[in-house]
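Biologist: I am new to this structure and would like to go through it step by step. Please show it first.

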Amino acid sequence: MGRPIIGITMGDAAGVGPEIIVKALSVSTVYATSRPLVIGDAARLRKAAGIVGADVEVRVTDAPEKAAFTHGVIDCVDLDCIPDDLLFGRLSPVAGEGAYRFIERAVSLAVDNRIDAICTAPLNKEALHAAGHRYPGHTELLATLTGTEEVSMMLSAPKLRVIHVTTHIGLVDAVERIDDGLVERTVRRGHATLVKAGIAEPVIAVCGINPHAGENGLFGRGEEEDKIVPAIERLRAEGIDAHGPLPADTVFFRAVRGDFDLVVAMYHDQGHGPVKVLGLEAGVNITVGLPVIRTSVDHGTAFDIAGTGRADHASMLEAIRQAVELAPDRERDNRRS
């Protein structure tokens, strides 16, 4: 199998994205398994290389097919949209516009099969909004750019994977939005992703909504019976090994222990909290349901340390690794090299 081309978007140029990209692409083993291509701003990457003390060349290319993909050379599709005097660690609509344009170009390349997967550095939602792009985050932006009606957010950390039925909405709205159809579709997307990643028969835990998963009607208003149980019954009838609804206060421990390959969380904090307790530096965000592969670091722009060289690139390395793992298996080198 050839090394997949991974399009790495630079994210918000005022955040830690440029630094963690340069640090990650200074690791020689990245090039043993992938062909990384940054979609961003070449001058900003050079500035980041100086900040982190990386001995790398940033080489501009206008097409993936012309890139060198050699350790020591960072290939960059340069959109040349970040001014040299943009301050690190400061909210900027210019950086928000840049982050949008980087994603837009990456999606275009992925849809045209010129790159095999997208790996995103963090953007800043306020900066994105200030630039006129009103999206809650990467997930919703990618869904719009690819014309995808419904996607799911999956977080992956060592020993734990979590997929969310709802994400960037308030808790009251989340409970109202959840229904058995949405639960079923979310489980199916997670199941398909794990099968593609090589887990032939995933064991999936589905969280309840209320404390103790409702405890047979003691808590809540019957949400588990109405919104979750019918979905699990249909999935199990088709041979998908889904279990639940299970109490969220114990299911993540059981998953880390090895009982489950995937946990289905009903709302944002129910799933995010356990993953982030395991370590922000090791978490990866995967958008499930898109026509293209997308992984991301599971941390923000870290404006408080941006431009200092202190940002940890472990999550970026893991996001690249998982992009490689999920990328289509095809004879890439024969087709492109």
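Modeller: What follows is a set of questions and answers on this structure.

Modeller: This is a predicted model, in which local features need pLDDT of at least 70, side-chain atom pairs count only at pLDDT 80 or more, and totals for chains, interfaces and linings use all residues. Residues are numbered from 1 along each chain as its sequence is written, and side-chain values use heavy atoms, with hydrogens and water left out.

Biologist: How many helices and strands does the chain have?

Modeller: Helices (H or I, at least four residues) and strands (E, at least two) are DSSP runs, numbered from the N terminus. Counted that way, the chain has 13 helices and twelve strands.

Biologist: What is the radius of gyration of the chain?

Modeller: The C-alpha trace spans about 60 × 45 × 35 Å along its principal axes. The radius of gyration is taken over C-alpha atoms, and the globule rule is 2.2 Å times the number of residues to the power 0.38. For 337 residues a compact globule would have a value near 20 Å, and the chain agrees with this, at 20 Å.

Biologist: What percentage of the residues in the chain is buried?

Modeller: Buried means under 20% relative accessible area, exposed over 50%, and partly exposed in between (1.4 Å probe, protein chains only). Of the 337 residues in the chain, the buried share is 55%.

Biologist: How many disulfides does a search of the whole structure find?

Modeller: A disulfide is a pair of cysteine sulfur atoms within 2.5 Å. The search of the whole structure gives zero.

Biologist: Which cysteine sulfur is nearest to that of cysteine 76?

Modeller: Cysteine 76 counts as buried because its relative accessibility is 0%. Cysteine 76 is in no disulfide, and at 9.7 Å the nearest cysteine sulfur is that of cysteine 81.

Biologist: At what angle do the axes of helix 1 and helix 3 cross?

Modeller: Axes are lines fitted to C-alpha atoms, for helices over the stretch in contact, and angles run from 0 to 180 degrees between N-to-C directions. Angles under 35 degrees count as roughly parallel, over 145 as roughly antiparallel, 65 to 115 as roughly perpendicular and the rest as oblique. The axes of helix 1 (residues 17–24) and helix 3 (residues 42–52) come within 8 Å, and their crossing angle is roughly 70 degrees. Helix 1 is therefore roughly perpendicular to helix 3.

Biologist: Which residues of helix 3 make the contact with helix 1?

Modeller: Contact means heavy atoms within 4.5 Å. Helix 1 contributes Pro18, Glu19, Ile21, Val22 and Lys23, and helix 3 contributes Arg44, Leu45, Ala48, Ala49, Ile51 and Val52.

Biologist: Which residues of helix 11 are buried?

Modeller: The buried residues of helix 11 pack against several elements, among them strand 6 (152–157), strand 7 (160–164) and helix 10 (248–257). In helix 11 (residues 268–277), these residues are Gln270, Gly271, His272 and Val275.

Biologist: Is lysine 159 buried or exposed?

Modeller: Lysine 159 sits in the loop between strand 6 and strand 7. Its phi is positive, about 75 degrees, although lysine 159 is not a glycine. With a relative accessible area of 66%, lysine 159 is exposed.

Biologist: Is the peptide bond from glycine 244 to proline 245 cis or trans?

Modeller: Proline 245 belongs to strand 9 (residues 241–246). The bond from glycine 244 to proline 245 has omega near 0 degrees and is cis.
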